[in-house]
Amino acid sequence: MHRSDYLIRKIGFAIATLLVVIVFNFFLFRILPGDPVKLIIHSPRMTAESQERIRQSFGLDRPVWLDMEALKQGDLYSAIDTQFTAYLRNLLRGDLGVSFSTRQDVTNLLKERVWRTVVLVGVGNVLAIVIGIVLGVLAAWRRGTKLDTSILLTGLFTWSMPTFFFGIILMILGRGHFPIGGMVTPGLHPEDGWVYWKDVAWHLVLPTLTLTILYMSEYMLIMRSSVVEVLSEDFILTAKAKGMNAFQIFRDHALKNSMLPMITIIALTIGYTVGGAIQVETVFSWPGIGRLMYEAVQKRDYPVLQGTFLLLAISVILANLVADLLYGVLDPRVEPD
Amino acid sequence: MRNKFMMLMTIFVLLALLLAACGGGTTAEPEVEAPAEEAPVEEAPAEQAPAEEAPADEPSVLDVGTTYIWDTANPAFGWYGYTIRYMIYDTLVEEQGISNFQPGLAESWTVSDDGLVWTFKIREGVTFHDGTPCDANAVAWSLNWTLENDIETFAFYIYNFSEIVALDDTTLQVTLSDPVGNMEYLLMYVWILPESVWGEMTYDEIMEFEDLSAGMGTGPYMLKEWSEGEYLILEANKDYWRTTPAIDQIIYHEYATEDAMVQALLAGEIDVVDTVPSTAIQTLEDADNIEVPIMGSTTIDELIINSHEDGTQPESLWDPAVRLAMAYGVDKQQIVNVAYLGYADALGPVVPASMGDWHNSDIQDIPFDPVEGNRVLDEAGYLDSDGDGIREFSDGSPLEYRFYGTDDATVARIMEIISDGLMQVGISAPSTLMDEDSLIALYPAFDFDLIYWGWGLDPDPDFAMLIFTCDQREEGGWSDSGYCDEGFEEMYVEQGITVDHEARRQLIWKMQEQLFNDRPYIVLTNAKNIQAYNSDRFVGFGTETGDILWKAALLQAKPVE
């Protein structure tokens with residue numbers, strides 16, 4: 001009974017957040033200064049009629065959220081027939097609209113881009129998690145030794161390294177050995193099978209290395225402090241008193257309990273995977289969601305911006321929900337009141 | 001136990017949802033890849049090409065780095081990737097160098113005495129990439145189609161064409177509603193597209209067309225493949241009418257930053273970089289196998305002085321003495337040295353020297369001379385009565401101006417140089433940086449005093465003059481200074497209908513002189529266009545157009561044996 005209440009509350013909260021995001025998403029970009037049509041219309045010599053036609057084709061001739069003129073005349077239907085209601089209507093139909101600048105379907109654009117980002121950030125994260133946890137545990141296990149100090153220092157150093165700078169350094173070091181930009185050699189397609197994937201893997205080396213080294217330290221530092229904290233708990237002393245050896249204690253009691261904060265961090269990171277690493281994608285010209293978003297901001301491409309932000313919001317909300325629920329399962333102390 | 005099970009199930013479902021959201025693209029992705037029908041063609045040209053041309057077995061491939069390929073293959077709404085589009089399509093007249101034209105699909109042309117009837121001799125034996133002929137009838141169809149559908153990217157160049165007919169297979173006659181002074185320039189922008197692709201489409205279908213066949217023309221290269229945000233492949237058109245392209249394939253690679261392109265060039269991943277940041281020039285020049293052509297451009301930057309009578313600028317900004325003193329206070333050479341590392345020229349008139357005889361070379365630029373600037377202001381009665389270093393207007397208000405620019409590191413540096421210089425003549429104009437759209441949003445209301453801005457001008461001087469006309473101050477117009485003057489207006493109309501080059505040049509010179517004296521702009525510099533290529537792999541690029549990737553320049557390039 002308790003548990004299902006907890007479940008419903010968490011899911012309800014996630015849905016409510018999503019709804020707020022959907023509304024917020026629409027207005028956020030329209031508050032920005034600058035007229036998107038101005039950026040679509042590139043020539044001063046275009047006639048007023050053509051400009052109007054462009055406005056109409058993107059629905060930008062309608063008022064943003066409420067037609068005051070129509071409202072005064074008592075025409076309620078026209079009053080709410082605005083850009084905002086059109087946005088909601090299309091969203092309900094699963095239609096994210098058409099990009100202002102490329103006129104491509106936003107859903108298709110996102111589909112094409114998202115897996116590339118997931119591959120890049122996914123591989124980088126998995127490596128970072130594994131290496132980070134191993135090093136973190138090692139440092140905690142050998143706390144106070146030279147090994148601990150050097151792991152800690154390396155961690156702090158890489159953690160404070162600016163992504164852009166670090167990426168460029170790796171690029172210069174790897175120049176000539178690994179591809180500097182892009183995801184695949186032009187002309188290769190997934191249908192080419194093994195050759196294609198080998199080529200993608202080759203292009204992944206530098207950006208993944210950057211991501212792994214930068215992300216690793218966060219996992220490492222948190223894992224280390226978590227293990228250190230658990231090791232000072234009373235139940236560890238109890239286990240010692242029961243006569244268990246140090247390794248057993250470490251494996252059965254310390255590790256499991258120290259994984260709890262890691263679960264949250266990992267789940268949250270998975271949520272942010274889709275948002276990717278704008279900076280790494282930019283340094284290594286990786287054609288993912290991050291770069292799409294960056295370009296869309298520059299061009300005031302509302303539909304693309306709304307689409308990417310919605311996708312990000314959904315993944316973050318879902319990942320948070322998963323983290324909350326996992327916690328409920330894994331940690332008996334998280335019992336709803 | 002059951003609760004726990006339910007909970008776990010829910011989590012799995014959510015995880016699956018998340019993964020589906022992320023991984024959805026994998027299934028959809030083959031759709032977005034190059035159309036299936038392209039696949040069989042892929043291998044063929046590579047094998048055929050060397051057979052005709054001869055020695056090497058390997059087809060020559062030029063790899064080009066660029067920061068943005070294009071927005072769409074559809075020329076009806078694609079505003080980017082012009083150098084690529086010109087490789088695919090032809091125009092009646094082509095650009096050979098900056099403000100210098102050569103015949104394209106039209107071999108020659110004549111104009112009637114009243115300037116209203118133009119007769120073009122259309123080249124014989126030209127075909128589109130699909131083999132359909134491109135004779136005078138096809139050209140007439142294309143121009144009429146452009147006007148009928150009001151193709152937003154280039155129809156406005158020929159709005160003045162009232163009748164377009166093919167008299168026979170090689171003769172095209174165009175009747176204008178008013179004479180024009182820059183026919184070659186206008187025609188340089190109007191692509192000739194095939195009826196076989198566009199003929200059956202309604203306006204909406206044209207605007208939704210995404211197929212690669214949108215990239216079919218008569219040009220030296222054919223569009224083979226495009227992966228959005230990644231790369232674009234062009235294949236040589238061995239039947240091209242002017243010459244057989246020496247390079248079999250051109251691959252454009254999209255890089256997110258200029259620095260990455262420079263590294264890729266050094267690593268040998270690409271052969272050409274389309275823009276080189278000035279900070280990288282030295283590194284590239286030091287490399288043995290890299291050539292760094294430094295070419296003329298039509299890029300100018302300027303200090304805009306709000307000249308709109310309904311603008312919010314203080315009254316003192318209208319005083320010619322204040323404007324003159326400001327000109328004395330701007331150290332253009334320091335801007336060239338610091339911000340452009342020397343790769344620019346200080347400029348006086350709006351039209352840069354790279355545009356040939358359109359540039360008014362009689363204009364003597366105002367030098368950086370704070371002493372003279374101070375003298376001008378002293379004489380005009382602007383004194384610093386409270387000793388704070390800033391002069392005051394007759395009503396006691398200090399000469400303090402709002403000065404805006406975009407938030408970019410180089411722009412910030414340039415604005416700092418300007419602010420420092422103005423301070424030396426007793427004018428305070430501390431810079432405020434904002435993002436580009438916020439800045440553009442200031443224009444319609446003319447709610448500013450000074451702005452730092454720049455233009456990439458058209459090769460014809462018309463555009464550089466257009467931005468100072470009154471109509472351009474309306475909503476949606478391109479006037480950023482708010483300048484409006486009756487005499488200037490008359491000259492603008494006059495130059496537009498003057499067919500004789502010399503007569504038109506004199507008008508354009510006069511207009512530049514007027515702008516120079518009225519100072520809606522204090523023009524600052526004309527930047528160089530800098531590109532780089534691997535000379536171990538390719539040689540011979542033309543530099544006259546200021547862009548080695550421009551059709552006329554690229555067609556001269558050859559692979560090194």
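The dialogue below tests a few labels applied to this predicted model.

Student: Why are H16(B) and H17(B) called roughly antiparallel?

Tutor: Start with the angle. The axes of H16(B), residues 486–497, and H17(B), residues 501–518, cross at roughly 155°. Angles over 145 degrees count as roughly antiparallel. The pair is therefore roughly antiparallel. The two axes come within 10 Å, and the crossing is left-handed.

Student: Which residues of H16(B) and H17(B) meet?

Tutor: On the H16(B) side they are B:Phe488, B:Met491, B:Glu494 and B:Gln495.

Student: What makes H10(B) roughly antiparallel to H12(B)?

Tutor: The test is again an angle over 145 degrees. H10(B), residues 320–329, and H12(B), residues 370–379, have axes that cross at roughly 165° and come within 8 Å. So H10(B) is roughly antiparallel to H12(B). Their crossing is left-handed.

Student: What classes of residue make up the contact of H10(B) with H12(B)?

Tutor: Seven are nonpolar, two are polar and one is charged. B:Ala321, B:Leu324, B:Ala325, B:Tyr328 and B:Gly329 come from H10(B). They meet B:Pro370, B:Glu372, B:Gly373, B:Val376 and B:Leu377 of H12(B). Gly counts as polar in this scheme.

Student: How do you know that the span of H9(A) agrees with its number of residues?

Tutor: H9(A) runs over residues 163–174, which makes twelve residues. At 1.5 Å a residue, taken over one less than that number, the helix should span 16 Å. Its end C-alpha atoms are 16 Å apart, so the two agree. After H9(A) comes A:Gly176, with a positive phi near 90°.

Student: How does the span of H4(B) compare with the expected value?

Tutor: H4(B), residues 136–148, has 13 residues. Its first and last C-alpha atoms are 18 Å apart, close to the expected 18 Å. B:Asp150 follows H4(B) and has a positive phi, near 45°.

Student: Which residues of H4(B) are buried, and what do they pack against?

Tutor: The buried ones are B:Ala136, B:Ala138, B:Val139, B:Ala140, B:Ser142, B:Leu143 and B:Thr146. They pack against strands S5 (117–122), S6 (161–168) and S7 (171–176), and against helix H6 (195–198), in chain B.

Student: Why is B:Ser99 called buried?

Tutor: The cut-off is 20 or more other C-beta atoms within 10 Å. B:Ser99 has 22 such neighbours, so it counts as buried. B:Ser99 sits in the loop between S2 (93–97) and S3 (100–103) of chain B. Its phi is positive, about 55°, although it is not a glycine. Most residues other than glycine have a negative phi.

Student: What makes B:Arg519 buried?

Tutor: B:Arg519 has 20 other C-beta atoms within 10 Å. The cut-off is 20 or more, so B:Arg519 is buried. B:Arg519 lies in the loop between H17 and S19 (521–527) of chain B. B:Arg519 is not a glycine, yet its phi is positive, about 55°.

Student: Why is A:Thr107 called partly exposed?

Tutor: A:Thr107 has 18 other C-beta atoms within 10 Å, so it is partly exposed. A:Thr107 belongs to H7(A), residues 106–141. A:Gly97 is ten residues from A:Thr107 in sequence, and their C-alpha atoms are 7.7 Å apart.

Note on methods: Residues are numbered from 1 along each chain as its sequence is written. Chains are lettered from A and ligands numbered from 1 in the order in which they are written. This is a predicted model: local features need pLDDT of at least 70, side-chain atom pairs count only at pLDDT 80 or more; totals for chains, interfaces and linings use all residues. Axes are lines fitted to C-alpha atoms, for helices over the stretch in contact, and angles run from 0 to 180 degrees between N-to-C directions. Helices (H or I, at least four residues) and strands (E, at least two) are DSSP runs, numbered from the N terminus. Angles under 35 degrees count as roughly parallel, over 145 as roughly antiparallel, 65 to 115 as roughly perpendicular and the rest as oblique. A crossing is left-handed if the near helix is turned anticlockwise from the far one by less than a right angle, and right-handed if clockwise. Two residues are in contact if their C-beta atoms, placed from the backbone, lie within 7 Å. A residue is buried if 20 or more other C-beta atoms lie within 10 Å of its own, exposed if 12 or fewer, and partly exposed in between; C-beta atoms are placed from the backbone.
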